[in-house]
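Hi everyone, thanks for coming. Have a look at the structure on the screen, and then I'll walk you through the parts I picked out.

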Amino acid sequence: MNRPARLVLLGHPVAHSLSPRIHNAALRAASIPLEYVALDILPSQLRATLRTLRAEGAAGNITIPHKQSVFDICDHVTNVAERAGAVNTFWVQDGELIGDNTDVAGFDFAARELMLSARAEMPKCVALIGAGGAAAAAATAIHDWDDAELVIWSRDLKRAETLAQRFAHARAEADLSSAVKGADLVVNATPMGMSDDQLPVPIALLPGKCAVLDLVYRHGETAWVRAARDAGRAASDGLPMLVEQAARSFRRWLGVEPNREVMWGAVG
Ligand code: NAP
């Protein structure tokens with residue numbers, strides 16, 4: 001595989017993203033003369049932008065809200081992207097646009113770390129809040145966890161139902177308190193808390209012993225993670241998933257393992 005001509009992140013908005021810091025630190029540490037650049041791309045500009053990037057032989061990441069659209073635009077997708085129905089990583093091979101999903105492995109890594117830190121078994125019942133691209137990646141990973149039950153809540157019930165239909169042991173739930181009841185892991189896969197202190201699930205609704213995994217990250221952690229920890233739950237924000245998915249994308253594009261400590265140093 002040839003080295004990409006350039007590395008980009010496509011999203012809207014993208015200004016908040018830590019991915020450029022993570023990747024540029026790892027590129028410098030590996031002495032690779034490329035710069036990873038975030039591009040704010042409106043949905044209406046997505047197809048034309050990908051056409052140009054394909055012609056240039058670029059590679060990169062896809063973030064909110066384009067992951068499902070890019071899945072439809074790619075010429076080929078990997079098996080894991082097919083299962084997730086979403087693409088967060090792309091590159092060009094023999095003139096074709098290839099899509100992959102490293103969020104799945106990133107989520108799996110973050111959830112395992114969290115359960116380990118809580119000295120708890122892997123979850124038997126997971127409540128997933130949100131039904132977009134990140135939720136699809138989480139559902140794909142959870143599907144591989146020994147028959148764990150997955151309950152999906154979304155403000156748009158139809159979207160939760162559509163996602164749940166694709167996975168065995170998954171169901172949609174219209175009522176938030178019923179969705180989290182009995183869960184041993186509660187996951188936020190919405191942007192709630194990204195730019196405010198909104199709690200995706202009120203702390204009073206969380207089961208006594210559940211762990212809390214917020215896929216959102218921000219400086220000083222999210223209000224939900226802090227409140228859950230104050231209430232005695234093991235909790236993590238989205239940084240472990242972010243760094244792990246980035247490391248796996250880096251290896252896909254460049255064929256070398258990045259230095260994860262350097263990646264963590266860039267966001268610490
Ligand atoms: P997405 O595809 O646009 O999906 C967003 C989901 O959240 C949809 O179900 C949407 O519902 C729901 N939602 C949006 N605003 C909401 C609100 N105010 N209240 C309730 N539900 C709301 O986005 P995504 O790519 O899944 O990303 C979701 C979040 O995960 C983002 O904050 C992103 O930064 C984070 N993320 C983190 C990582 C990581 O590595 N840590 C990786 C991926 C994503 P509707 O359909 O009704 O709009």
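Okay, so let's start with helix H6. Nine of its eleven residues are buried, so H6 is largely enclosed by the rest of the structure. Keep in mind that this is a predicted model. Which residues of H6 are buried? They're Gly133, Ala135, Ala136, Ala137, Ala138, Ala139, Thr140, Ala141 and Ile142. And what do they pack against? That would be helices H3, H4, H5 and H7, plus strands E7 and E8.

Now let's zoom out to the nonpolar core. The largest one has 33 residues, and the ones with the most contacts inside it are Phe107, Leu128, Leu185 and Leu213. Several elements each supply at least two residues, including helix H5 (103-117), strand E7 (125-129) and strand E11 (211-214). H6 gives the most, with seven residues. As a general point, nonpolar side chains tend to be buried together in soluble globular proteins.

Let's take Leu213 as an example. If you skip its neighbours within four places in sequence, Leu213 is in contact with Phe107, Leu185 and Trp224, among others. There's also another core, lying apart from the largest one, with 24 residues, among them Leu18, Ile22, Tyr36 and Phe250.

One last stop: Asp100, over in strand E6. Is Asp100 buried or exposed? Its relative accessible area is 5%, so it counts as buried. Its side chain makes a polar contact with the side chain of Thr78, at 2.6 Å, and another polar contact, of 2.9 Å, joins it to the side chain of Arg252.

Notes:
Residues are numbered from 1 along each chain as its sequence is written. This is a predicted model: local features need pLDDT of at least 70, side-chain atom pairs count only at pLDDT 80 or more; totals for chains, interfaces and linings use all residues. Side-chain values use heavy atoms; hydrogens and water are left out. A nonpolar core is a set of buried Ala, Val, Leu, Ile, Met, Phe, Trp, Tyr and Cys residues joined through side-chain atoms within 4.5 Å. Buried means under 20% relative accessible area, exposed over 50%, partly exposed in between (1.4 Å probe, protein chains only). Helices (H or I, at least four residues) and strands (E, at least two) are DSSP runs, numbered from the N terminus. Contact means heavy atoms within 4.5 Å. A polar contact is a pair of N or O atoms within 3.5 Å; within protein, one must be able to donate a hydrogen and the other to accept it, and residues adjacent in sequence count only if both atoms are side-chain atoms.
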